[in-house]
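Have a look at the sequence and the model first, and then we'll go through some of the details together.

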Amino acid sequence: MNPSAETESMPVSDDITAQMTPPSTIEVDVGKAMPPVLSQSLPTLEPQAMEVPPIDATDAGLVRSLLAEGMEFVGNAVLRGPCSVAGHVEGNLTQAQGVQVSVVVTETGRVKGDIVAHKISVMGHTDGLLDSGEGEVSLHDSASVHGLVRYGRIQVNGADLNATLERVPSARKSR
């Protein structure tokens, strides 16, 4: 039997042939082209001044920072959550604007610089400003503190304290 004879005798539908043959081109509507660059500058949004109450991040599950024992950090850090220092810091640790954070300097921790936070607890060594504003400062018996301490409330438990103490009066008015 001749293979060409077999092909000639089988009827082929035009619909099946059209389905098996891929289209030669595909057209897709992709939208409009980008507008030409404007010669004038684009408008910018101006931030609106709003009174936002501070967020208490001392116990919240926000970003936690830890400088482990044996590590050294030189520079300034802006804190958005609780911070624990077991290593050595040479620089300032400051809470971000609108956030209240806690900073703990452990027994192995050393900070040479300023610490500005709502709650400050020192068990190690600090040399510089400890500023809790209306917040609280706790100085434990293993602490060695030199510099200036600004506080709303303070607790000293036998710490080596060679600092000037400055109480910050509360803005809340008692009745």
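Is Leu161 buried, partly exposed or exposed? With a relative accessible area of 31%, Leu161 comes out as partly exposed, because that class runs between under 20% for buried and over 50% for exposed. Keep in mind that what you're looking at is a predicted model.

Leu161 sits in strand 17. Together with Ile154, Val156 and Leu165, Leu161 makes a nonpolar surface patch of about 270 Å². Two elements each give two or more residues to the patch: strand 16 (153–156) and strand 17 (160–167).

**Salt bridges**

How many salt bridges does a search of the whole structure find? The search turns up three, and here they are:

| Pair | Closest N to O distance |
|---|---|
| Arg153 and Glu136 | 2.2 Å |
| Arg150 and Glu166 | 3.2 Å |

Asp131 counts as buried at 13% relative accessibility, while Arg150 is partly exposed at 22%.

Arg150 also has a salt bridge with Glu166. That contact runs from strand 15 to strand 17, so it ties together parts 16 residues apart in sequence. Glu166 is partly exposed, with a relative accessible area of 36%. Since these salt bridges share partners, Asp131, Arg150 and Glu166 are joined into one network.

Then there's Arg153, which forms a salt bridge with Glu136. This pair links distant parts of the chain, with Arg153 in strand 16 and Glu136 in strand 14 (residues 136–139), 17 residues apart. Arg153 counts as exposed at 53% relative accessibility, whereas Glu136 is partly exposed at 23%.

Now turn to the second largest pocket, which has a volume of about 170 Å³. Which elements give two or more residues to its lining? They are strand 3 (72–74), strand 6 (88–90), strand 10 (110–112) and strand 13 (125–131). In total, 13 residues line this pocket, and His88, Val89, Arg110, Val111 and Lys112 lie nearest its centre. Sorted by class, the lining has four nonpolar, four polar and five charged residues.

How values were computed:
Residues are numbered from 1 along each chain as its sequence is written. This is a predicted model: local features need pLDDT of at least 70, side-chain atom pairs count only at pLDDT 80 or more; totals for chains, interfaces and linings use all residues. Side-chain values use heavy atoms; hydrogens and water are left out. Patches are made of residues with over 30% relative accessible area and no salt bridge: like charges are joined within 9 Å, nonpolar side chains (Val, Leu, Ile, Met, Phe, Trp, Tyr) within 5 Å. Accessible areas come from the Shrake-Rupley method with a 1.4 Å probe; for residues, only the protein chains shown count as cover. A salt bridge is a side-chain nitrogen of Lys or Arg within 4 Å of a carboxyl oxygen of Asp or Glu. Helices (H or I, at least four residues) and strands (E, at least two) are DSSP runs, numbered from the N terminus. Buried means under 20% relative accessible area, exposed over 50%, partly exposed in between (1.4 Å probe, protein chains only). On a 1 Å grid over the protein atoms alone, a cavity is a set of points where a 1.4 Å probe fits but cannot get out, and a pocket is an open set with protein on both sides within 12 Å along at least five of seven lines; lining residues have an atom within 4 Å of a point. Grid points are joined across faces, edges and corners, and a volume is the space filled by probe spheres set on the points. Ala, Val, Leu, Ile, Met, Phe, Trp, Tyr, Cys and Pro count as nonpolar, Asp, Glu, Lys and Arg as charged, and the others, Gly among them, as polar.
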